[in-house]
Amino acid sequence: MSLNWQNLKNNRDEILKAEIGSLLFNLGKTHIGIGNWKNYFPNENSSFGSYKDYYQQNYFENELNQVSLNLKDFIFNSDILINGENKKWAEYFKGDVSDSDIVEKVFFRGCENVNSGIDKGSPKEQLKGKLWVSNAFGSFKEEVKKDNFDNKRREFFKNLHQFLEENNYYENPDWKHIRKFVIKELKNWYTHLLSDSRMPVNDVTLYDQAYMSATMFKAALAGMMLETYESEKYLENPQSIKWQILGIQYDKLGLAEKGLKVSHISWYKETSKKVDDEIKKLIETDYTLGNEIYRDESGIYFLVPEDVDRDFENVKCQINTIFKENFGDEVYPYITFSKVSRGIMNLTNLLKKAKENFLKADNSLKSDLFYYGGETGICQVCKSRLGKKSKGDRYLVCDICRERRKGRIDKWLKNQESETIWIDEIADKNNRVALITLKFELIEWLNGDLLSSLLTRDENYQKWLKNIKIFLKLFYSDIDILQIDLSQLGSTITPEQKKRLASKNGLISGIKKDLGKLQNFLYEIRNNGLKPFNKKIKTNAYENILLELMSMFFNSLEGLSKKINELLNDNEIVSVLNENDINLLKNLKKELEKNRIKIFILYLTEDAYNGCKKWRENFDDYIQQIFFGSVVGTDFEEIIKSSLNTIIDWQNEKINWNELKDGDIDLLSKLLLQFILRKNPSPARLRRVWESTQEFFEKVKKEILETYVAQRTKESFKQKVPDFAYLAEDKRFKDQQSYKQYFSIIDPTPISWQFIVPTSKIIDFVKKVQKLYYKHFKYVNGKLPLHIGVVVQKSKDPLYVGIKALRNIRRDIKEWKEIAKEGKNILPDLECYEEVLEQNNNAKDYYSLYETENPEYDFMLLPSGKGVKKYNSTDSFIIYPNTIDFEFLDTNSRRNDIYYKNGKRVAQLKKNRPYSWEEFEKFEEFKNIFNGKTALLHRLVSLIYSKMEDWYCENLNDEREKEECKKSFSYLMKSTLKRIKKQDGVDVSNIFDIDNFDFNEAKKFIDMFEFWHTTLKEI
């Protein structure tokens, strides 16, 4: 069945208007005087107390009127017609106080509640001191300033009015352009404000909340316009709204590898960005299908309506046309969709398959590539067209690639102060350049698993696990509980004893009667357990809402327990009871006390409960948000299907409560508590994870690379770039011009970044990157591994060789266990990097939890399969260390040495690579020791190579012979190193284990020599 694309096209402007309105639904939170913020700014005026008052008490309308009557009329009198509902545009700004069913149900309940409810959870601590924004991993980003509240809101309205007026949009609005303006303004404003004043959800900015909620809403509206299978249910059941992720995948790193020269690489980099931006325009504004949620070296990804993949051929053709027009038939994408779900964790499945998907590209629009260019062979840049050598070319180049290079030169002449496009201007005094890749291992974060090492609430895990088990067993199962028979209690008491007890007989009968009432009360609660939370339920004794009845049940349970205690402490009554009676009462008292709990829904998930209560939802809806919202589309789903599948209705996302068994309750309780206490993988949170890593790379660029500045003169340019010396005479050439001495191979993405710097800058760069990393990721050091790969080559060698080696040295691991490391005192003390606000708010308690055999929180699905515990130096923990690797390409084939297995190099002499950052610190000590002692160093290296060749024993089959070889080598090296310490004053005991200097230590020695002598030429 085809989708109604014409209807979507006809409603494009209405969807854009709805998106713009939903982006601004949080305007009330930009008032400094609402309850969330006023305690942090006590001297500021408060006009209203709740963000809803901004709309309900006409502040919104009045502020618009003060700016411009035209602006007020534009928002309050413009109509918006969606799905047959005609409302004023202003209603789409009002969120949950709107009188539009579409806004209330589809936007707020179906989209914003999913995003915000899963995102924040129910944190209990208010921020101490000041309001401040953290990154996704708990580190300080900025303080929230008062100037970003009311003054900024009024400034936004003024700017909006000016924009609309100058472009005549009051009369003839261009909604694409208006949307672009609003998003740009909001991003510059909302990213500096918080959505919540509680710790640790101060990583949630207003922009995070608004952008993802509006994106989900836009895609849902597109689904309604397309008339997908499920969209007709959206108004009836907002929690049925689901989405897909659309991925347009192509190999951007592979495009960079085509470059023979920096100018070619630059063209491919800029064209990739242009292609992504054109696809973004196509999806977001031409079709209004959804919005971009992720972009990296594997492509660009969008959140779109469910089921849109079944009729996507026309859009697919337009995407392929964009590639054809920009890349000239060199590359086409693979267009793919994730499974349908309520979140975006399926993104990781697309990312994992990207490499194999590159080979499945749709080449249906591809034409004869050999139409262009020369006559002597295949172009060595694009490898698609015939090329020839021309003046200044060392390689075969086709006319198109030559023209692209010329265009880059013209652009460089206009921006000579920016990063250079000439590799010889980057080369150091030894005519070498360093190609560097920075790569985060991010998959375990993007699939949501490692979010289980971050807390929203710091609670007593075992206590609350017990509470949830008892709660489910009591109220949401058919398991017999409190079924103790008291019918024979006191049956052996004689008439004479009864007479002597007098009124005390009533205590015995009262206990019997109260137990019966309690059992009936429990039966009534179970029968009404799926009534809406806000609905009063009439029982034999009470008429209250469900959770109030549950609280009364526990009060009754406590009252009965007190009566039993009173009886057991009364010697006169006890004296007439038989042993069975006393044991029966003791067992009952024990059973009652065991089942006295706090209702976890109220104490741990107050926000979720209040939301369900407000929208007249029930316990099933609560579970759908807390439980199913966290498992569908994740690895948890597979675990649950293998263990709880018989009690779950996956299609309707409901649990068959009457089928619960004890084992089911144990697993379900464990999962529920994990989803309540941890930071959950909401769409906004996952977006913040990759934004935090991408922002880090951008800071590396700004704070480190852009400080690498050199001076260019006519003479220096002619000398360094002789093939293009004629450019120095161009009238546009600037003499005595400073320029940035680096070049970006690809733009920074959330996962990686590649660039070229002078080889002489390597050590300075590594130190500064480490310092910046510790500042931004100190609380997750050891579980957010950053790998630094360095490839050094001669500046005259083909650049594509180095770039291909750079792809290898990225070290793409398959599973995190390949790089896992376990031990005590395994992380450096980074307290010196903590900010006062971080310390005052105990950020470490929420973020610095690591996997261990003896966890505080027995959470599931972490990379090691173990739970987590707050880090300390005395317990053993599992970490995933930051690493660094290097290679000098003395020959083109040397790149084949860069191959990894289980996280380490395969080549025998290089098996210690990569080194952890802590191990790499020893490299500098090595340089300090041997600086000025080159002859001695060479003798040692020659000795090691010689004896390793003589005695290397890894391939020997005889274990005794192997052990003898090891001992001989170790003894020789031990005696040699002790002798040079005595004779030459060279002590390497801080770097190497001299008493056990085995082949592994020898390889470390050679690596350090290779790094300083062969690669950097500094020793």
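The elements covering the buried residues of helix α25 include α21 (546–568), α24 (600–604) and α26 (619–631); covering here rests on contact, meaning heavy atoms within 4.5 Å. Helices (H or I, at least four residues) and strands (E, at least two) are DSSP runs, numbered from the N terminus. This is a predicted model, in which local features need pLDDT of at least 70 and side-chain atom pairs count only at pLDDT 80 or more, whereas totals for chains, interfaces and linings use all residues. Residues are numbered from 1 along each chain as its sequence is written, and side-chain values use heavy atoms, with hydrogens and water left out.

Ala608, Tyr609 and Cys612 are the buried residues of α25, which spans residues 606–614. Buried means under 20% relative accessible area, exposed over 50%, and partly exposed in between (1.4 Å probe, protein chains only). Arg616, which follows α25, has a positive phi, near 60 degrees.

## Helix α27

Helix α27 (residues 635–643) has Phe636, Glu637 and Ile640 buried. They cover an arc of only 100 degrees around the axis, so they are on the same side of α27. On the other side of α27, Glu638 and Ser642 are exposed. The buried residues of α27 pack against α26, β16 (648–649) and α28 (662–677).

Strands of a sheet pair through backbone hydrogen bonds, either parallel or antiparallel. An open sheet with mixed pairing contains six strands in the order β20-β21-β13-β22-β27-β30. Its edge strands, β20 (743–744) and β30 (915–916), each pair on one side only; two strands pair if DSSP finds at least two bridges between them.

Within this sheet, β13 and β22 (residues 786–794) run antiparallel and are joined by nine bridges. Lys439 stands opposite His787 in β22.

## The second largest pocket

The second largest pocket holds about 1,200 Å³ of space. On a 1 Å grid over the protein atoms alone, a pocket is an open set of points with protein on both sides within 12 Å along at least five of seven lines, a cavity is a set of points where a 1.4 Å probe fits but cannot get out, and lining residues have an atom within 4 Å of a point. Of the 40 lining residues of this pocket, Lys355, Lys439, Asp812, Ile813 and Lys814 are the closest to its centre.

The largest share of the lining, three residues, comes from α14. Elements that each supply at least two residues include α13 (347–352), β13 (432–440) and α32 (799–809). By class, this lining has 16 nonpolar, five polar and 19 charged residues. Ala, Val, Leu, Ile, Met, Phe, Trp, Tyr, Cys and Pro count as nonpolar, Asp, Glu, Lys and Arg as charged, and the others, Gly among them, as polar.

## Cavities

The whole structure has seven cavities of 30 Å³ or more. The largest cavity has a volume of about 330 Å³, a volume being the space filled by probe spheres set on the grid points, which are joined across faces, edges and corners. Among the 25 residues lining the largest cavity, Leu260, Lys261, Ile423, Asp424 and Ser795 are the closest to its centre. Strand β22 is one of the elements that supply at least two residues of this lining.

Note on methods: Arc of directions from axis to C-beta.
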